[in-house]
Amino acid sequence: AGIQYSQSGVRRYWLHHMVNTPNPLKERMAMFMHDLFATSCRVIDTSNDGCFKHVQLLRWAGTNNFSNAVKSLNFDYLMVVWLNGNVNTKATPDENYGREHWELFTLGEKSKHKGRYPLYTEADIVETARSFTGIEAVVTGTATSTFYDPTTQRTRNRHDGLVKTLWRGTPFE
């Protein structure tokens with residue numbers, strides 16, 4: 001178990017760190033990451049510390065290798081709940097996270113790069129959605145516990161393990 005924070009408690013915790021930090025760059029980069037990887041704690045149960053863990057991940061990600069940060073955020077409890085990861089299965093792929101992954105988090109809008117070629121296509125979004133199938137947000141603990149631990153897991157029977165093809169018809173192919 002650990003400390004349990006309410007949503008307002010997480011805001012106070014982060015504000016305290018922003019004001020009193022010996023490393024203002026770290027907190028500014030965390031806020032930048034929060035703006036880039038926008039979520040809301042309103043979508044999760046306040047009896048777990050998913051929001052607190054998300055803020056801690058953003059604080060780590062802001063000053064870490066961007067590729068590692070994106071990989072970690074792919075499996076973040078709050079991010080999975082926020083972008084429909086729990087309903088993204090091989091039987092019914094949900095494109096919400098796949099679209100946000102390319103459009104907001106990494107490459108930008110799918111318009112043509114410098115007017116010459118598309119960065120990615122709708123087919124790439126579908127293939128990416130298939131890649132992210134089977135990631136579930138789960139909470140461990142019991143109904144009588146005072147603390148629930150939010151985490152994510154890969155569920156094999158929900159994951160589309162077939163080959164995916166990305167960037168067909170683009171310079172990245």
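**Aromatic pairs and helix packing in a predicted model**

Good morning. The structure holds 7 aromatic pairs. Rings of Phe, Tyr and Trp, the last represented by its six-membered ring, are paired if their centres lie within 6.5 Å; planes under 30 degrees apart count as stacked, over 60 as edge-to-face and the rest as tilted. This is a predicted model, in which local features need pLDDT of at least 70 and side-chain atom pairs count only at pLDDT 80 or more, while totals for chains, interfaces and linings use all residues. Residues are numbered from 1 along each chain as its sequence is written, and side-chain values use heavy atoms, with hydrogens and water left out.

Let me begin with the overall layout. The chain has 7 helices and 4 strands; helices (H or I, at least four residues) and strands (E, at least two) are DSSP runs, numbered from the N terminus. From that terminus, the order of elements is α-α-α-α-α-α-β-β-α-β-β. The chain has 173 residues, and 40% of them count as buried. Here buried means under 20% relative accessible area, exposed over 50%, and partly exposed in between, with a 1.4 Å probe and protein chains only. Among contacts between residues at least 6 apart in sequence, 65% join residues at least 24 apart, where contact means heavy atoms within 4.5 Å.

I turn now to the aromatic rings. A pair of aromatic rings is described by the distance of the centres and the angle of the planes. For Phe 37 and Phe 66, the centres are 6.2 Å apart and the planes stand at 35 degrees, so this pair is tilted. Phe 37 lies in the loop between α2 (24–36) and α3 (50–61), and Phe 66 in helix α4 (residues 66–74), so the pair ties together parts that are 29 residues apart in sequence. Are these two residues buried or exposed? Phe 37 is buried, with a relative accessible area of 0%, whereas Phe 66 is partly exposed at 38%.

The next pair is formed by two tryptophans. The ring centres of Trp 102 and Trp 167 are 5.4 Å apart and their planes are at 65 degrees, so the pair is edge-to-face. This pair links distant parts of the chain, with Trp 102 in helix α6 (residues 96–106) and Trp 167 in the segment after β4 (149–154), 65 residues apart. Trp 102 is buried, at 9% relative accessible area; Trp 167 is partly exposed, at 23%.

There is also one aromatic cluster, formed by Phe 37, Phe 66, Tyr 97, Phe 105 and Phe 132.

Some backbone angles deserve attention. Most residues other than glycine have a negative phi, and most peptide bonds are trans. Trp 167, although not a glycine, has a positive phi of about 60 degrees. Asn 84 is likewise not a glycine and has a positive phi of about 65 degrees. Asn 84 sits in the loop between α5 (77–82) and α6 and is partly exposed, with a relative accessible area of 29%. Just after α6, Gly 108 adopts a positive phi of about 100 degrees.

Finally, the helices. Two packed helices are described by the angle between their axes and the distance between the axes. The axes of α3 and α4 come within 10 Å and cross at roughly 165 degrees. Axes are lines fitted to C-alpha atoms, for helices over the stretch in contact, and angles run from 0 to 180 degrees between N-to-C directions. α3 and α4 are therefore roughly antiparallel to each other. Angles under 35 degrees count as roughly parallel, over 145 as roughly antiparallel, 65 to 115 as roughly perpendicular and the rest as oblique.

Which residues of α3 and α4 meet? His 54, Leu 57, Leu 58, Trp 60 and Ala 61 in α3 meet Asn 68, Ala 69, Ser 72 and Leu 73 in α4. The residues of this contact comprise 6 nonpolar, 3 polar and no charged. Ala, Val, Leu, Ile, Met, Phe, Trp, Tyr, Cys and Pro count as nonpolar, Asp, Glu, Lys and Arg as charged, and the others, Gly among them, as polar.

Helix α6 has Tyr 97, Gly 98, Glu 100, His 101, Trp 102 and Phe 105 as its buried residues, and these pack against α2, α4, α5 and α7 (122–131). α6 and α7 pack at an angle of about 120 degrees, with their axes 7 Å apart. That makes α6 oblique to α7. In this contact, Gly 98, Arg 99, His 101 and Trp 102 of α6 meet Glu 122, Asp 124, Ile 125, Thr 128 and Ala 129 of α7. The residues of the contact of α6 with α7 divide into 3 nonpolar, 3 polar and 3 charged.
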